[in-house]
Amino acid sequence: MLGMPGLLFLFLLTLFVPVCCLAQDETGVQDEGKVLIVYYSRTNHTHLVAQKLAERFNADLERLNDKRKRSGPIGYARAGKDAIAGNTTELEPLVHDPQEYDIILIGTPTWASHMTPAVRTFILENDLSGKTIGLFGVCQFSGVKDTLNEVAQLIGRGKNRKLPLLPLRQNQLKGKGLDDKIDAFYLEVQESRR
Ligand SMILES: Cc1cc2nc3c(=O)[nH]c(=O)nc-3n(C[C@H](O)[C@H](O)[C@H](O)COP(=O)(O)O)c2cc1C
């Protein structure tokens with residue numbers, strides 16, 4: 001026989017177990033982590049993707065501002081030269097602290113098949129160890145996969161530790177096709193956390 005103390009213990013246990021489970025999974029949705037989207041965009045194509053990702057991931061947006069002039073023919077030429085040379089740049093201070101986030105999605109346009117100096121600078125100036133990372137990028141015609149592989153290498157998660165990637169061409173930014181790709185990327189990022 002359990003006796004009074006034993007019965008009381010069992011009674012309390014029946015109350016405690018459901019409460020405990022609810023605390024873990026209050027809404028039936030698993031904890032998906034706090035997400036920051038960090039990206040550079042010169043002519044807003046990458047910005048458009050970043051906004052769509054922010055809706056899907058319920059994320060904060062951090063647009064990198066390059067202090068160097070990247071507009072006009074001279075800005076364009078220097079942009080390509082800096083990207084090829086792997087140059088860094090000077091960024092405006094960040095609004096969000098990446099250390100407060102679990103998942104960081106990094107986006108860059110392709111410049112001569114390379115990442116932009118702004119994104120290179122962000123990666124070199126911030127400690128991304130322990131973060132779940134996903135990469136997205138936009139090119140006009142080709143080179144975006146090489147660009148994202150270069151970013152993965154720089155983060156130190158190249159060949160052997162594949163990161164979720166969302167490489168896009170400009171003509172893929174319209175319509176339901178992009179939503180489907182973003183859904184697949186979302187699942188890939190969540191899967192990479194397990
Ligand atoms: C300096 C420079 C170099 C570029 N190099 C490439 C390239 O190698 N391949 C490509 O398909 N597009 C290239 N582009 C085009 C951009 O990748 C494309 O327009 C992209 O959508 C721009 O993104 P954004 O609007 O977010 O700045 C280049 C653009 C610039 C400014």
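**Figure 1. Packing of helix H4 in the predicted model.** The buried residues of H4 pack against strand S1 (35–39), H3, strand S3 (103–109) and helix H5 (144–155). The model shown is predicted. Helix H4 spans residues 117–125, and its buried residues are Pro 117, Ala 118, Val 119, Arg 120 and Phe 122. In the protein chain as a whole, 27% of the 194 residues count as buried.

**Figure 2. The largest nonpolar core.** This core comprises 35 residues, of which Val 35, Ile 37, Val 38, Leu 53, Leu 105, Ile 106 and Val 119 touch the most other members. Strand S1 supplies the largest share of the core, namely five residues. With neighbours within four places in sequence set aside, Val 38 is in contact with Glu 62, Leu 64, Ile 104, Ile 106 and Phe 122. Across the protein chain, 77% of the contacts with a separation of 6 or more are between residues 24 or more positions apart.

**Figure 3. The open sheet of five strands.** The strands are arranged in the order S2-S1-S3-S4-S5, with parallel pairing. Strand S2 (60–63) and strand S5 (165–169) stand at the edges; each has a single partner strand, so one side of each is left without a neighbour in the sheet. On average, neighbouring strands of this sheet are turned by 15 degrees against each other, direction ignored. Along the sequence, the protein chain follows the pattern α-β-α-β-α-β-α-β-α-β-α, with six helices and five strands.

**Figure 4. Pairing of S3 with S4, and helices on the sheet.** Seven bridges join S3 and S4, which pair in the parallel sense. Leu 105 has Gly 134 of S4 as its bridge partner. Helix H5 packs on the sheet, where it touches S3, S4 and S5, and its direction makes about 150 degrees with that of S4. Helix H2 lies across S1, S2, S3, S4 and S5, and runs at about 160 degrees to S3.

**Figure 5. The shell around the ligand.** Among the 22 residues around the ligand, those that come nearest are Ser 41, Thr 43, His 45, Thr 46 and Pro 109. Two or more residues of the shell are given by each of helix H2 (45–57), helix H3 (72–85) and strand S4 (132–139). By residue class, the shell divides into 13 polar, eight nonpolar and one charged.

Technical notes:
Residues are numbered from 1 along each chain as its sequence is written. This is a predicted model: local features need pLDDT of at least 70, side-chain atom pairs count only at pLDDT 80 or more; totals for chains, interfaces and linings use all residues. Helices (H or I, at least four residues) and strands (E, at least two) are DSSP runs, numbered from the N terminus. A residue is buried if 20 or more other C-beta atoms lie within 10 Å of its own, exposed if 12 or fewer, and partly exposed in between; C-beta atoms are placed from the backbone. Two residues are in contact if their C-beta atoms, placed from the backbone, lie within 7 Å. A residue is near a molecule or strand if its C-beta atom, placed from the backbone, lies within 6 Å of it. Ala, Val, Leu, Ile, Met, Phe, Trp, Tyr, Cys and Pro count as nonpolar, Asp, Glu, Lys and Arg as charged, and the others, Gly among them, as polar. A nonpolar core is a set of buried Ala, Val, Leu, Ile, Met, Phe, Trp, Tyr and Cys residues joined through C-beta atoms within 7 Å. Two strands pair if DSSP finds at least two bridges between them. Axes are lines fitted to C-alpha atoms, for helices over the stretch in contact, and angles run from 0 to 180 degrees between N-to-C directions.
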